[in-house]
Amino acid sequence: MRQAPTHDGQAHEPPRRPRHRIAVLALAGVPPFELGIPSRVFGSAVDEEGRPLYDVTVCTATGAPVLSDAGFTVQPAAGPEALAAADTVIIPPTHAMPELGHGGPLPVEVTAAIAGIRPGTRLVSICSGSYVLAAAGLLDGRLATTHWNLAPEFRRAYPKVQVDEEVLFVDDGDVLTSAGVAAGVDLCLHLIRRDHGAAAANRAARMCVVPPWRDGGQAQYIDRPVPDPTVASTTATRAWALEHLGEPLSLAQLAEHARMSLRSFTRRFRDEVGMTPVQWLTAQRLEMAKQLLEMTDLPIDLVAHRAGFGSANSLRAHMRTAFGVSPAAYRRAFSSHDRVAAPRS
């Protein structure tokens with residue numbers, strides 16, 4: 001890591017920003033798996049020198065222990081004061097508040113704890129933890145997601161929320177929601193990527209032995225009639241496309257590779273992945289472009305070419321639409337200290 005020279009001519013380590021403070025609110029009836037996701041994933045996030053990037057605290061609304069849905073008691077490290085001090089608050093699901101499924105009120109102590117969260121704090125829910133945010137009025141007018149199986153009920157209970165049950169998570173800036181169960185892992189890795197770049201997220205994913213980025217959305221897990229075994233899949237074509245992202249891939253080429261008609265391929269692709277082939281291809285190319293911007297010193301036009309956008313202008317337009325920043329601004333924000341000089345050929 002490069003050291004900053006000082007007025008005395010000595011090189012000293014540059015000052016490091018404080019660790020990001022995360023408070024995980026454990027409610028009665030919390031599933032242990034979802035409760036443990038933030039501690040496990042963010043606890044695996046370290047910088048290039050192995051130093052932790054986050055402090056994670058499990059708390060309850062009153063500071064008292066709560067009973068998980070597995071039958072054992074969760075002893076919190078703190079009470080609602082942890083929520084007030086946090087930079088990010090994460091709310092896992094609860095299976096002990098059925099009234100929320102009908103738009104009912106939160107328990108008084110939970111309402112009071114949430115009211116103590118500082119303005120500007122990042123709010124995150126895992127699975128049906130979105131019900132808690134919605135019941136507190138924090139999702140009104142926002143795009144959000146939850147477990148696909150709960151989406152119809154959620155819409156009825158909270159009509160002011162725009163629900164998309166086909167995605168793994170929704171990033172709406174300062175409020176983020178994830179789909180069911182393991183999608184909480186995807187969202188936590190996304191937050192690490194957003195905060196510290198792809199290299200840090202990839203390191204955390206390797207430690208957790210999970211993919212740093214899951215293909216597709218929640219739609220692929222929605223319970224539907226089992227297709228006829230003779231119906232072809234788009235899996236092999238998606239794998240082939242990932243190996244040829246730098247090439248100009250048309251919908252006709254993808255359908256031809258899958259040996260399907262355009263109409264059948266498009267319908268089958270959406271059923272399996274939850275988005276159109278063009279949307280999926282763009283998302284994969286953006287992910288490749290981000291990694292090239294973070295991990296190499298390639299010029300922007302070459303990044304665009306290798307990621308399949310054809311030109312720097314096309315890459316700029318897509319990145320501004322998807323992330324609200326230019327490639328150059330993204331590189332300044334997320335360039336890694338272990339960036340390498342990539343061959344130009």
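The following conversation explains how several terms apply to this predicted model.

Modeller: Local features here need pLDDT of at least 70 and side-chain atom pairs count only at pLDDT 80 or more, whereas totals for chains, interfaces and linings use all residues. Residues are numbered from 1 along each chain as its sequence is written, and side-chain values use heavy atoms, with hydrogens and water left out.

Biologist: Why is C188 called buried?

Modeller: Buried means under 20% relative accessible area, exposed means over 50%, and partly exposed is in between, with a 1.4 Å probe and protein chains only. C188 has 2% relative accessibility, so it counts as buried, and C127, with a relative accessible area of 6%, is buried as well.

Biologist: How do you know that C188 is too far from the closest cysteine sulfur for a bond?

Modeller: A disulfide is a pair of cysteine sulfur atoms within 2.5 Å. The closest cysteine sulfur to that of C188 is in C208, at 9.3 Å, and therefore too far for a bond; a search of the whole structure finds zero disulfides.

Biologist: How do you know that the buried residues of α14 line one face of the helix?

Modeller: In α14 (residues 327-334), the buried residues are P327, Y330, R331 and F334. Seen down the helix axis, they fall within an arc of 100°, so they line one face, the arc being that of the directions from the helix axis to the C-beta atoms. The face turned away from this buried side carries the exposed residues R332 and A333. Among the elements that cover the buried residues are α6 and α11 (277-295), where contact means heavy atoms within 4.5 Å.

Biologist: What makes β4 and β11 edge strands?

Modeller: Two strands pair if DSSP finds at least two bridges between them. In the open sheet of six strands, ordered β4-β3-β7-β8-β12-β11 with mixed pairing, β4 (54-59) and β11 (169-171) each pair on one side only.

Terms used: Helices (H or I, at least four residues) and strands (E, at least two) are DSSP runs, numbered from the N terminus.
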